[in-house]
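Reader: I would like to walk through this model with you. Could we take it one question at a time?

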Amino acid sequence: MELIDRPLWVKAGPMKITKLETFCNQFVGFVRVTADTGDHGWGQVSTYNADITCQVFHRQIAPHTLGTPALDFAATLLLINEREHKFPGSYLRRATTGLDTALWDLRGKVEGKPVVSLLGGKPGKLRAYASSMKRDITPPDEARRFLKLRDEKGFDAFKWRVGAECGRDRDEWPGRTEAIIPTVARALGDGIAKLVDGNSGYSPARAIEVGKLLADEGISHFEEPCPYWEFEQTKAVTDALDIDVTGGEQDCELSAWKTMIDMRAVDIVQPDIMYLGGLHRTMEVAGMAAEAGLPCTPHAANLSLVTMCTMHLLGAIPNAGKYLEFSIEGDDYYPWQHGLFLGDPYRIEDGEATIPESPGWGVEINPDWLDRASYQVSERQG
């Protein structure tokens, strides 16, 4: 798919990128892009080791970006990929995301539109599923907090963790998987969508065994059952089970996505905008999946900018999945989430999030957070 050929792209105008700034700590890195007109937009590199990613941004993204068009920037993203061809992989993609997301915000502000509208969609409500990140929680405690969220926030879909992360068939503790599957599923009862995440924890044989337990308890979504890089293993599970097998959050190269989709390794694709390299590349993956008849339910496992970007994406793509992933973990689990934004961009009402109508991403970075962050700038000379 060639995104440049899509009708949503505007013609390149005179606006050029003149300044690239990063504000980061170890966990989060925000990017501000400024054009020669003084207009600016905010984006984010991927979370975790964000300080390292920001170094990559200034070393390997900024030199290819300064002086290029600020509104029609698809060609710049391709240029970065070509100029840095000796450095494929996660860090380059995580850094490119900072540029991509900031330029989408800039364009939205210049045109006075939310990003979802730039993509051909519209603001509005999105059904969300409450996504647990915990494996150290007991089955009864997980069930209790899900029921509380159902009653207080109106969630009608929930995801919890089974096995151990990259566990080679080990459980987080002996017997936890066999206990938590029925405990939580039965506590939630009928009329609730139920999902679980294996986080690359199982061999195909064990994953199929667990998948049958899931099906027996009315769980419809089995995420990343096998090591994610072993597409053949995941496909074996997909072929063996009647429930949806899903994955893709870690995959950051388009060649891997093409292979995964062509071989039907999963039933639902789950790209992560921040891991993959930004909205352009995620739209390309969603397009590949649409052509193959597969829905796209992106990964969005924290409440940094990734969830907002995912909301705008889901409001626009024709093969959007049933719901938005919405992390239920607060500052006790993700202390670095605290104070990133002004206001409450992630309010849930009746189990739904709201895509903002304001220009760009529709969020405002907290100035106090920026004041405490490490700062670096790359600027066009002359």
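Reader: What is the handedness of the crossing where H1 passes H2?

Author: Happy to start there, bearing in mind that this is a predicted model. The two helices are H1, residues 50-65, and H2, residues 74-83, and their axes come within 9 Å. Where H1 passes H2, the crossing is right-handed.

Reader: How many nonpolar, polar and charged residues make up the contact of H1 with H2?

Author: From H1 come Gln60, Ile61, His64 and Thr65, and they meet Thr76, Leu79, Ile80 and Arg83 in H2. Sorted by class, the contact has one charged, four polar and three nonpolar residues.

Reader: Which residues touch the most other members of the largest nonpolar core?

Author: That core has 112 residues. Leucine 279 is one of those asked for, and beyond four places in sequence it touches Asp100, Trp104, Val115, Leu119, Ile273, Leu313 and Trp361. Together, the residues that touch the most other members are Phe30, Leu99, Trp160, Phe222 and Leu279.

Reader: How many residues are in the second, separate core?

Author: Its members include Ala157, Ala193, Leu195 and Tyr323. In total, this separate core has five residues.

Reader: Is threonine 234 buried or exposed?

Author: Threonine 234 sits in helix H8, residues 231-240. Setting aside neighbours within four places in sequence, its contacts are Cys226, Pro227, Val245, Ala265 and Val266. Buried means under 20% relative accessible area. Threonine 234 has 7% relative accessibility, so it counts as buried.

Reader: What is the phi of asparagine 199?

Author: Asparagine 199 is found in the loop between strand S6 (193-197) and helix H7 (204-216). With a relative accessible area of 6%, asparagine 199 is buried. Although this residue is not a glycine, its phi is positive, at about 50 degrees.

Reader: And where is glutamate 224 placed?

Author: Glutamate 224 is another residue other than glycine with a positive phi, here near 40 degrees. Its relative accessible area is 5%, so glutamate 224 is buried. As for its place, glutamate 224 belongs to the loop between strand S7 (221-223) and H8.

Notes: Residues numbered from 1 in each chain as written. Predicted model: local features only at pLDDT ≥ 70, side-chain atom pairs only at ≥ 80, totals over all residues. Heavy atoms only, no water. Axes fitted to C-alpha atoms, helices over the stretch in contact; angles between N-to-C directions. Helix = DSSP H or I, 4+ residues; strand = E, 2+ residues; numbered from the N terminus. Left-handed = near helix turned anticlockwise from the far one by under 90°. Contact = heavy atoms within 4.5 Å. Nonpolar A, V, L, I, M, F, W, Y, C, P; charged D, E, K, R; others polar. Core = buried A, V, L, I, M, F, W, Y, C linked by side-chain atoms within 4.5 Å. Buried < 20%, exposed > 50% of the residue type's maximum accessible area, 1.4 Å probe, protein only.
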